[in-house]
Structure formats: C-alpha cells, structure tokens
Amino acid sequence: MRKTYSKMLQQSFIDFCLRNLQATGMDEEVELFQPFQKEQITLPEEAQCMAVKTLLHMCNLQFALRLRSNAEFMSPSGGVPFIKVGAQIVSEFDPIVEYLDLKGISLSQELSGAQRSEMKAYMALTINRFYNAEVFLSWYCEAIAEKITKPRYGAPYAWPLNKILPWYKQQEAKKYLKVQGWLEKSQDEVYEELKMACKALSDKLGDQYYFFLDRPSELDALVFGHLYSLLTFQLIDDKMADIVNSFPSLTRFVERIQDTYFAGAAAEENS
Amino acid sequence: MISARAKEAVAGGRSMGDHHVHTKETVFDGSNFVKVDKVRVQGLSKTKNDFIVHQCKELFGAATFKDVILSCNDVKQKLERAGIFRSVSVIIDTSKGPGAHKDGLDIIFNVKEGKRLSASAHTAVGNNEGSLVLGGKLANVFGRAEMLSLEYSRGTRQSTGYNLTFFKPVSNELTRRLTVRGFKSSAEYLLSSFRETGRGAVVDYMFPGPLGLQTFSWEGIWREVDCLTRTASFPVREQCGHSLKSSVKHIFARDTRDEGVYPSRGYLFKLVQEFAGYTGGDVKFVKGEAEIQLNQRLFSDIIFSCHLQGGLMKSMSGDSVRINDRFFLGGPTDVREKLCKYSNTLG
C-alpha cells in the first residue's frame with residue numbers, strides 16, 4: 001500500500017516536471033488578432049497573417065484566432081497581425097520571431113551561424129520582393145485597387161468612411177512604394193520581380209523538404225505565408241498564381257506545408 | 001440714451017395750453033398718448049433694409065411715451081446683440097413736417113457699423129496642452145447679421161484643429177439661430193491613454209419655445225480613436241479605429257440664471273436626447289441626459305449652488321457602446337459612468 005502510494009507520488013512529480021518542460025515560458029494563452037478573412041483582409045495583410053500563423057503552428061504553439069475589423073488600429077505598430085500573450089502585445093513577423101526567441105522558442109536554434117545569416121538574407125529578399133509586389137499590385141494597379149482592394153478595405157465602414165479610409169490607405173501605400181523605389185516600375189516589371197524572387201527561392205529549395213536542414217525554419221513560415229496568399233488570393237486575374245505555379249518545387253513546398261500544418265485548421269480558418 | 005431735449009419737447013408740448021403753475025404740479029409719468037410717425041436709422045451701409053425694419057417693427061405699436069422709451073431700449077439692445085454695430089444711440093424727437101401728427105414722434109437711431117473683417121490670435125491652455133489659436137471673422141456677411149468665422153489651432157502636442165462656423169438668424173429673428181459648423185478637433189484622455197480625433201459637421205437650429213430654449217441638431221462625425229502609449233490597457237486598445245456617428249439631438253433648456261459662469265441666482269434645467277445611428281453611420285445608440293442647477297444667495301456674497309447631472313444610454317446595435325460615446329468622469333461638468341465593466345482607467 002505504502003509502496004504504491006510513493007509510486008503514485010513519484011509519477012505525479014514526473015508529470016508535473018514534464019508539463020513544465022512542455023510549457024517553456026509560454027504558460028499563458030496566445031491570441032492572434034487579424035482582420036476578417038473573408039470580406040476585409042487585403043493581399044499584403046493576408047500574406048503576413050498567414051506567415052505568422054504558420055510560424056506559430058511550426059512552433060507547435062496553440063493560439064486562439066481573434067478576428068477584429070479594427071485589428072490594424074489596435075496594433076501598436078499599425079501592422080497586422082499581432083499576438084497577445086497575457087498583457088504583452090507584439091506585432092508583425094520579425095518582432096514576433098524575436099519575442100518567441102526570448103521565450104526560448106525558436107525554429108532556427110540548430111542552424112549554424114552561417115546558415116542563420118543566409119536565412120536572414122533570404123528572409124529580407126522575400127520581404128522586399130514579395131511584400132512590395134503585393135502592395136504594388138493591390139494598391140497601385142488601378143484596376144485591382146478599385147475592384148478588389150478598396151472595397152475590401154472599406155468593407156467594415158459606413159459611407160462615406162468606406163471611400164475615405166481606402167483612399168487614405170492607398171496614399172500611404174504609394175508613399176511606401178515611392179520610398180522603396182517601386183513607384184516607377186510597370187506592372188510587368190513587378191511580375192518580373194516576383195518571378196526572380198520565386199526563382200531564387202526555388203533554386204535554394206531544390207529537392208529539399210525545407211530550406212534548411214530537415215526541419216522548418218522561420219524562412220519556411222514566411223515564404224509559405226506569401227506563396228500561399230499569392231496562389232489563393234482572388235485578384236482580377238491569375239497572373240500571380242501562374243508565376244508561382246511555374247516553379248513546381250515551390251508549389252510542392254506549399255502543398256506539403258499546408259498538409260502538415262493546416263490540414264485540421266482549414267475549417268477553423270474559414271469560419 | 002434718450003436725449004433730454006426730446007423729453008422736454010414732449011413735456012412742453014403737452015402743457016402748451018396750460019398755465020405755467022399747473023405744469024410744475026403735474027408729475028410726468030409718461031402715460032400720455034403718442035404716436036410714432038417715423039423711425040430713421042442712420043449710418044447703415046452694408047446692412048439690409050428688411051433686417052432693420054424687422055427689428056424696429058415693435059416701435060410702431062407703442063401707444064404711450066413710456067412704451068416708446070421701453071421699446072426703444074428693446075430695439076437698441078436687439079441691434080447691439082446682433083453684433084454688427086459698434087455703437088447704437090437713440091434720439092426721440094417730436095415729429096415735424098407735412099403729415100406729422102399732433103402727438104407724433106420721430107425716432108432716430110444713430111448706428112456705426114463694425115468692421116466686416118476681423119482677425120484674432122490668442123493662446124489657450126487646457127486639454128493637457130497649450131495651443132495657439134488663430135481666427136478670422138467675417139461679420140454681417142450678407143447684410144442680415146450672418147457671421148462666418150474660421151479658427152485654426154495648433155497645440156504643443158502636435159494636435160491641430162479647425163472650426164468653420166456659419167451663423168444666421170432665421171427670418172431676421174435674432175433669437176432663432178441657425179448654425180452650420182464644420183470642424184476637426186482632437187482630445188486626449190491621459191487617464192485612459194487614448195486620443196480621439198473628430199472631423200465632422202453640425203447643423204443646429206435654436207429657437208425660444210413657450211417653456212425654454214429648444215434646439216434641434218444633427219451631427220455627423222468621423223471619429224478616430226488611437227492609443228497614446230504602448231501600455232494602454234487592452235479594453236482601451238480594442239476600441240481603437242474609426243467610427244462614424246450620425247445623430248439627431250434635441251436639447252431643451254430653461255435658464256433663469258443671471259450669468260452662465262458664476263451665477264448668483266436662478267436655475268437651469270436642461271434635457272438632452274440623442275438618437276445616433278438612425279440617419280446613417282455605424283454607431284447606434286439612444287442617450288438621454290438631464291441637468292439641474294440651482295443657485296440661491298444666502299447672505300452678502302455667499303451663494304448656495306447645487307448641481308445635479310445624470311444620463312442614461314443604451315446601445316441599439318448588438319455591440320457595446322464605444323469608449324468615446326460613454327460618460328466620463330470629467331470634473332464638475334461631466335458624468336461618470338456607473339456599472340462599468342472596465343477596471344481603473346475606463347469610464
């Protein structure tokens with residue numbers, strides 16, 4: 001009797017330790033805030049939200065998805081998405097990666113210094129090319145901006161705010177593109193940029209499952225977020241999807257990650 | 001302001017047929033019957049005729065000399081209140097010339113029109129910041145006491161605001177006021193760490209009712225709430241963003257106080273009803289507020305004053321009422337919301 005009792009005690013102590021180990025620093029609920037997926041979110045926002053969601057899935061972190069029409073204005077940096085852990089709020093991809101790193105959760109722990117800087121370089125490339133192209137296509141191409149982006153962005157508001165706020169946002173986007181030096185580019189040049197970025201990533205990926213080693217890194221999350229959005233986001237034509245589709249290794253990569261991390265979540269995402 | 005000469009003239013006129021001894025005994029109480037023959041307003045250039053005629057109408061109804069003096073005073077006050085004259089003086093004279101009645105009077109108003117365009121610059125401290133206010137005013141725009149004013153303010157905390165107001169008396173009646181206003185303003189709520197920026201338009205019509213002043217107004221305001229600091233509490237953060245309020249408001253006020261700021265007697269009773277969201281916009285609520293202020297002089301300069309204010313509001317859409325529509329603790333002139341869900345800084 002006594003023996004079994006002490007055994008039980010031992011077992012519960014082990015359980016306790018294990019539980020603590022699993023919850024490395026993240027003992028509070030993680031909430032992810034983003035705009036409404038179906039009728040509000042715009043392409044660049046969608047890509048960024050997708051990247052962060054993938055990152056959290058890859059880190060095996062459970063999170064609650066909170067859809068808010070004012071997510072952009074709630075975010076301290078003005079960018080979506082942001083995560084809330086307890087009282088802490090961290091917005092956008094890079095700061096979230098850093099925050100998770102501080103909490104002891106990192107996907108790139110096992111990479112060597114050289115690999116890590118290579119990853120950073122590829123991440124910068126992805127951000128520059130993909131994000132700029134997304135902003136350019138959704139806000140600067142008049143046809144897409146008028147038909148898709150502006151109505152979506154203004155969706156939560158009443159007239160005349162649903163006209164003023166998208167217009168204002170468009171001006172901001174143009175300012176951003178001007179600083180980036182993308183305003184002089186033509187639409188075809190932007191598609192060319194996209195193609196080049198895809199080519200660089202496709203070359204790096206080759207036949208591997210992931211970009212580095214045999215496990216996902218932050219780069220995988222970021223690239224998946226952008227590629228998945230480029231493939232699935234409905235714009236007036238399928239030009240973007242066609243470009244991505246011309247790189248079979250990338251489409252395979254997207255399918256793989258989608259199957260691994262979003263198989264169960266797909267239904268939840270669309271709700 | 002009534003010239004002594006006129007008084008003498010009238011008094012003299014009455015006692016014309018009597019003996020001098022009698023005049024000395026008669027006490028002049030102004031109850032002698034007179035008739036106003038002519039009213040002349042001198043010094044008008046931009047002001048339209050019909051506006052002045054409307055203000056002077058009551059003079060012709062005066063039957064006794066006392067009435068004339070009283071209504072002269074009334075008219076003079078009205079003209080001064082119109083805010084378009086620098087000075088107004090009155091002369092009452094006996095009527096002369098062909099067609100003049102025996103007891104006829106001529107009333108002459110000497111007015112000096114003020115400058116049409118004026119500008120001002122001043123500084124103001126309040127709202128947790130100091131600000132510089134530049135203003136321009138265009139008085140008597142169309143000659144019927146309309147006023148157009150523009151104010152621009154810039155604060156030390158980078159806030160800018162402007163205010164364009166057009167005011168017009170309705171059918172030349174100075175107590176019926178139609179005001180159209182467009183503005184941008186911002187207010188910081190340091191305790192709750194948010195800032196509200198509002199841009200909008202207000203149209204209101206104020207007129208005297210049988211019991212007190214009635215105001216009907218419509219306002220359409222685009223409001224933006226943003227957090228002042230990164231450490232703002234999450235319930236405040238959740239309120240950030242844009243909203244559009246379109247509301248119809250009715251205000252009833254009965255005010256018998258002698259002064260608005262430091263009254264020494266009288267009372268104020270005010271009722272405000274606001275219906276937001278029925279004319280557009282994305283906030284929908286019904287709000288009612290009541291205010292009572294009583295003032296009583298006890299002795300010497302000691303005044304007993306009591307002020308009670310309360311309000312009730314209900315959101316008519318499914319969402320809770322937005323932070324910028326709520327009642328706030330704001331000192332003696334504002335209300336604190338009860339039954340508040342949020343802790344410390346909100347409400």
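These legends describe close-up views of a predicted model. Residues are numbered from 1 along each chain as its sequence is written, and chains are lettered from A in the order in which they are written. In this predicted model, local features need pLDDT of at least 70, side-chain atom pairs count only at pLDDT 80 or more, and totals for chains, interfaces and linings use all residues, while side-chain values use heavy atoms, with hydrogens and water left out.

**View 1. A:Glu31 and A:Arg66 form a salt bridge in chain A.** A salt bridge here is a side-chain nitrogen of Lys or Arg within 4 Å of a carboxyl oxygen of Asp or Glu. The closest N and O atoms of A:Glu31 and A:Arg66 are 2.6 Å apart. The pair links distant parts of the chain: A:Glu31 is in strand E1 (residues 30–34) and A:Arg66 in strand E2 (residues 63–67), 35 residues apart. Helices (H or I, at least four residues) and strands (E, at least two) are DSSP runs, numbered from the N terminus. A:Glu31 is buried, because its relative accessible area is 14%. A:Arg66 has 26%, so A:Arg66 is partly exposed. Buried means under 20% relative accessible area, exposed over 50%, and partly exposed in between (1.4 Å probe, protein chains only). A:Glu29, A:Glu31, A:Arg66 and A:Lys84 are linked in a network of salt bridges. Over all chains, the whole structure holds 25 salt bridges.

**View 2. A:Glu193 pairs with A:Lys185 in a salt bridge.** Their closest N and O atoms are 3.3 Å apart. A:Glu193 has a relative accessible area of 16%, so A:Glu193 is buried. A:Lys185 counts as partly exposed because its relative accessibility is 22%.

**View 3. A:Leu235 lies in a loop of chain A.** The loop runs between helix H9 (218–232) and helix H10 (239–245). A:Leu235 counts as buried, because its relative accessibility is 9%. A:Leu235 and A:Ser91 are 144 residues apart in sequence and 26 Å apart in space, C-alpha to C-alpha. UniProt lists "domain: Metaxin glutathione S-transferase" (unreviewed entry) for residues 195–257 of chain A. UniProt positions follow the numbering used here, feature names are shortened, and annotations may be inferred rather than shown by experiment. Over residues 195–257, chain A is 68% helix and 0% strand. The end C-alpha atoms of this stretch are 21 Å apart.

**View 4. B:Asp50 and B:Arg144 meet in a salt bridge in chain B.** The N to O distance is 3.0 Å. The pair links distant parts of the chain, 94 residues apart. B:Asp50 sits in helix H3, and B:Arg144 in the loop between strand E5 (129–139) and strand E6 (147–155). B:Asp50 is partly exposed, because its relative accessible area is 35%. B:Arg144 has 26%, so B:Arg144 is partly exposed.

**View 5. A nonpolar surface patch of about 570 Å² lies on chain B.** Its residues are B:Val180, B:Val203, B:Trp218, B:Val248, B:Phe275, B:Tyr278 and B:Met316. Patch residues have over 30% relative accessible area and no salt bridge; like charges are joined within 9 Å, and nonpolar side chains (Val, Leu, Ile, Met, Phe, Trp, Tyr) within 5 Å. Accessible areas come from the Shrake-Rupley method with a 1.4 Å probe; for residues, only the protein chains shown count as cover. B:Trp218 is found in strand E10 (residues 213–227). B:Trp218 is partly exposed, because its relative accessible area is 34%.
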